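Subject: Handing over a structure

Dear colleague,

I am passing the structure below on to you, and I would be grateful if you kept it open while you read the notes that come after it.

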Amino acid sequence: MMKSFPLFLSLQGRRALVVGGGEPAARKVELLLSAGAQVSLIAGTVTGEIAQLIADGRISWAGRAFDETDLGGMSLAIVATDDERLRTRVSAAAQARCLPVNVVDTPALSSFIMPSIVDRSPITIAISTGGAAPALARKLKAEIERALPAAIGRVARFAEIFREQVRRTLVESAARRRFWDRVFHGRVGELALAGDEIAARRELIRLLDGARNEPAPGPGMVHLVGAGPGDPDLLTLKAHRLLQRADVVVYDRLVSPEVLALARRDAERLHVGKRRAHHCMPQAEINERLVALARAGKSVVRLKGGDPFVFGRGGEEIEALVAAGVAVEVVPGITAALGCAASAGIPLTHRDHAQACVFVTGHLKKGELDLDWPMLARPRQTVVIYMGAETLSLIARQLQHHGLAPSTPVALIENGTTERERRVVGTLATIERQAIRAQLGGPTLFMVGEVVGLALSRDGEFHFESRIGL
């Protein structure tokens, strides 16, 4: 969750107040002037840099103490002084007027944070850690500056010249988006970046003429995309690229908010959220919706937690799409068992403890759990049960009934690979009681086998990460 709402404030021709006359104040004054602000400075004494700005007539200066009336007519205030009482006083006065105020290096007294800035005018990139780690923000700024061409602003200025003409020529927003994608990823962007504006103009006009006469797009396509176990860093490069290009993202409860946030901002988001037996939309209706969206010419990402073909009903959806004549692609993802096992340090196979690994679903079908219990209760293997939280007690009893020892180590992993991950570790005999105490509510994976005990013996803190003392 964001600590602050990011926005860009227009200060062109607006008045801004800076309290303080030292080097920190000089840095803030320079930024305000670069944004076109009219800067007023309150300080008893000033440094050489600020003195020069005053002498050049670029800022106005009152060499006296701050008075609350100084805030009148200001668009924002910045306090850059070591005087703690003055910092507190200016902050309180500004916030009483609902005037944005920043007290340098004091987030608690600030209503807004001054970010680290990468300036490639008219492109501006702002980086903030909410005051938590300014040094990290500076590091990120340096990395972005290295990656971003110094002349990238040329491309933005060039595009601005033609923006209105493109808007008039291409009425549909989807057509404009396709056109600008070609511009920025093709020869026009390269020419503009190199400073050859004449050749860039010629190429852009050629592309625009072609786009004007381009036939309407045909049927769309559906991409069944694995969202992985939750950590957005585990998403594949192809999945990320498709999310950035999708017109519509169809997703369910198992997709983490962090992964969903990677979709293009203006993409339509359609929640079909399934939660155990409670379905927001029946599967048949989901299939029909995917077909309808594709036939309407949309690029659709059907985003599924984990991998689409591992207990994700991807097989049913691809059958429906193929039967309807809709183009479909499957993009694999890291399934929950692999992600959670890696996050928890549980080896799913081990030469001395588990020569096999079995994935099964604990989901009830027509009120019954129809599993091959004798096979699941074999020794020297790891069993991973998806969607098994609701039937946990039945699974534990059946595994013991068919031969597994009550002392067999087990683990429940909720929201695996994310910052919300919790682990409950016990045995087949104790896990039901522990799960009730833990009150698990997120997507939960159930792992059974000696490899769980192996992880616990290696790391005594393994099971305390639940933060509930289990």
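Predicted model: local features only at pLDDT ≥ 70, side-chain atom pairs only at ≥ 80, totals over all residues.

Residues are numbered from 1 along each chain as its sequence is written, and side-chain values use heavy atoms, with hydrogens and water left out.

The sheet. Five strands form an open sheet of mixed pairing, in the order E15-E16-E19-E17-E18; strands are DSSP runs of E of at least two residues and helices runs of H or I of at least four, numbered from the N terminus, and two strands pair if DSSP finds at least two bridges between them. At the edges lie E15 (357-361) and E18 (422-427), each of which pairs on one side only. E16 and E19 run antiparallel and are joined by three bridges, and valine 383 has valine 448 in E19 as its bridge partner. Helix H13 packs on the sheet, where it touches E15, E16, E17, E18 and E19, and its direction makes about 75 degrees with that of E19 (axes are lines fitted to C-alpha atoms, for helices over the stretch in contact, and angles run from 0 to 180 degrees between N-to-C directions; contact means heavy atoms within 4.5 Å).

Helix H15. In H15 (residues 392-401), Leu392, Ile395, Ala396 and Leu399 are buried, where buried means under 20% relative accessible area, with a 1.4 Å probe and protein chains only. Seen down the axis of H15, these buried residues fall within an arc of 95 degrees, so they line one face of the helix; the arc is that of the directions from the helix axis to the C-beta atoms. The buried residues of H15 pack against H14, E16, E17, H16 and E19, and just after the helix glycine 403 takes a positive phi of about 125 degrees.

Threonine 335. This residue is found in the loop between E14 (327-331) and H13 (336-344), and at 7% relative accessibility threonine 335 counts as buried. Leaving aside neighbours within four places in sequence, threonine 335 is in contact with Gly306, Asp307, Val310, Phe359 and Tyr386.

With kind regards

Methods. Buried < 20%, exposed > 50% of the residue type's maximum accessible area, 1.4 Å probe, protein only.
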